[in-house]
Amino acid sequence: MKIFSKKKDSVSVGLDIGSFSIKVIQLEHLPNGDAKLLGYSMKEIPREAIVEKEIRDHEGVLDSIQTAIEKVDPAIREVSISLCGRRVFTDILQVKIPKKKENLRESIMVEAEQKLPMGTEGLTIDYDIIKESPDGETAEVVMVAVHSDFLRDYVLLLQDGGYHILGVDVDYISLYNVLKQNIDIETDDPQVIINIGHSITNLTFIQNKVYQGVRDISSGTLDIWRSLQNRFRITPEDIHKLMTGASQWEDPAEFQSGLFAATDELKMGLDMAFSYFENLSKGQSISRLYITGGGTLIPFLTDIISEKLEIPHQILDPFSRLVYEPSLFTNQTPDKVSPMFSVAVGLALRRD
Ligand SMILES: Nc1ncnc2c1ncn2[C@@H]1O[C@H](COP(=O)(O)OP(=O)(O)OP(=O)(O)O)[C@@H](O)[C@H]1O
Ligand SMILES: [Mg+2]
């Protein structure tokens, strides 16, 4: 199965299978190039149904997927999904374009073989061209290799539910597509998208306005939940309500200082990932953070991360340039939920 999607329908659906919740986005691609949000939904999955991106409870996850999809449109059968985590490898390769362009895949496989320490056996490999040199001689491509059995788990799960997978992407690239669609990148300086999820934080590094590398940190909001729960001696039910906005902290200042300490682990992971990138880019440092993901919705969190890293930030809101009927948001303003949907929007946007 190919990893990168190619779809041309005017309506597309992005399905983000997260370890906290399932997110669904349905977009219509309008003739003038705009994308219209037709529907969105989020459904939490049972606790520990997905651990480190491995599906542990097929039935529980599928049930949540069905509920989330039906809330948007019960007729949906075709979806695009996305993968990330330790069973997905991504690298940027410089390859010579062969005389016969159809041989490009072969050249990339040769490069991949050298780049992947464990070889290519048992992996599904695909690539996408980032840009070609002006003389057409070389290309910069992003190569993605996924453990085939990991991919198969997701494919079989959706097949069981009667869904057809139109395309498989990776979170980092979905996020990059969302950034491109919603923000005009004005500088060539290195910048980074930080997608703070429940169990994982994905980073997509950008330089010269294109992506240059990706990294995962195995720390997300779950670590923050645990730290706050221990510090304030709160029950699992209460921490769940507090961290999803269903109830409010009695003393916001106390919460804020607890959160400051609770983000130490995430900060450490970010520091490590940033030094990886800074090595790669010969010492240039990150000038801006685009923060997104469900973690963005936790009060004070983005400010704290920005303050700790001493780098300015802005929130990446995947709905900011979508067209939609105001009636889609009757109970809340869009920005109260939108950052959670970045990966799903990126999946639904992709059509090339
Ligand atoms: N209104 C909200 N509803 C749900 N989650 C929220 C809300 N506000 C903040 N959050 C936080 O978002 C976090 C989940 O983020 P997200 O949905 O991006 O994770 P995920 O995609 O399911 O997980 P992962 O990508 O790590 O597998 C929760 O841990 C929660 O604390
Ligand atoms: Mg996620």
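Domain bounds here come from an automatic or database domain assignment. I note this before anything else, and also that the model is predicted.

**Entry 1: domains**

I looked up the domain assignment. It gives domain 1 (1–86 + 147–183 + 316–352) and domain 2 (184–315). I then asked how many Å separate the centres of domain 1 and domain 2. Taken over C-alpha atoms, the separation is 22 Å.

Next I checked the contacts across the two. On one side, 18 residues of domain 1 take part, and they are in contact with 21 residues of domain 2. Helix H4 (171–182) and helix H10 (342–349) are the elements giving two or more residues to the side of domain 1 that touches domain 2. H4 gives the most to that side, with five residues. I sorted this side of domain 1 by class and found eleven nonpolar, four polar and three charged residues.

**Entry 2: the whole protein**

I looked up the secondary structure and found ten helices and 15 strands in the protein. Along its principal axes, the C-alpha trace spans about 65 × 50 × 40 Å.

Why does the radius of gyration agree with that of a compact globule? For 352 residues, such a globule would have a value near 20 Å, and the protein has 20 Å.

I also looked at burial. Of the 352 residues in the protein, 39% are buried. For contacts with a separation of 6 or more, I noted that 68% come from residues 24 or more positions apart.

**Entry 3: ligand 1**

Which residues are closest to ligand 1? I found Gly18, Ser19, Phe20, Gly197 and Gly294, out of 19 residues that surround the ligand. By class, I recorded six nonpolar and 13 polar residues in this shell, and no charged ones. I also checked which domains supply the shell. Domain 1 and domain 2 each give at least three residues to it.

**Entry 4: helix H9**

I picked helix H9 (residues 301–309) and listed its buried residues, which are Leu301, Thr302, Ile304 and Ile305. Seen down the axis of H9, these fall within an arc of 160 degrees, so they line one face of the helix. I then looked up what they pack against. The partners are helix H7 (252–262), strand E14 (288–292) and strand E15 (313–315).

I read on past the end of the helix. Just after H9, glutamate 310 takes a positive phi of about 55 degrees.

**Entry 5: two loop residues with positive phi**

I looked up glutamate 48, which is not a glycine but has a positive phi of about 60 degrees. Glutamate 48 sits in the loop between strand E3 (35–44) and strand E4 (50–51). Is this residue buried or exposed? Glutamate 48 has 10 other C-beta atoms within 10 Å, so it counts as exposed; the cut-off for that is 12 or fewer.

Asparagine 208 is not a glycine either, and has a positive phi of about 50 degrees. I found asparagine 208 in the loop between strand E12 (201–207) and strand E13 (210–217). Asparagine 208 has 13 other C-beta atoms within 10 Å, so I wrote it down as partly exposed.

Methods: Residues are numbered from 1 along each chain as its sequence is written. Chains are lettered from A and ligands numbered from 1 in the order in which they are written. This is a predicted model: local features need pLDDT of at least 70, side-chain atom pairs count only at pLDDT 80 or more; totals for chains, interfaces and linings use all residues. A residue is near a molecule or strand if its C-beta atom, placed from the backbone, lies within 6 Å of it. Ala, Val, Leu, Ile, Met, Phe, Trp, Tyr, Cys and Pro count as nonpolar, Asp, Glu, Lys and Arg as charged, and the others, Gly among them, as polar. Helices (H or I, at least four residues) and strands (E, at least two) are DSSP runs, numbered from the N terminus. The radius of gyration is taken over C-alpha atoms; the globule rule is 2.2 Å times the number of residues to the power 0.38. A residue is buried if 20 or more other C-beta atoms lie within 10 Å of its own, exposed if 12 or fewer, and partly exposed in between; C-beta atoms are placed from the backbone. Two residues are in contact if their C-beta atoms, placed from the backbone, lie within 7 Å. The arc is that of the directions from the helix axis to the C-beta atoms.
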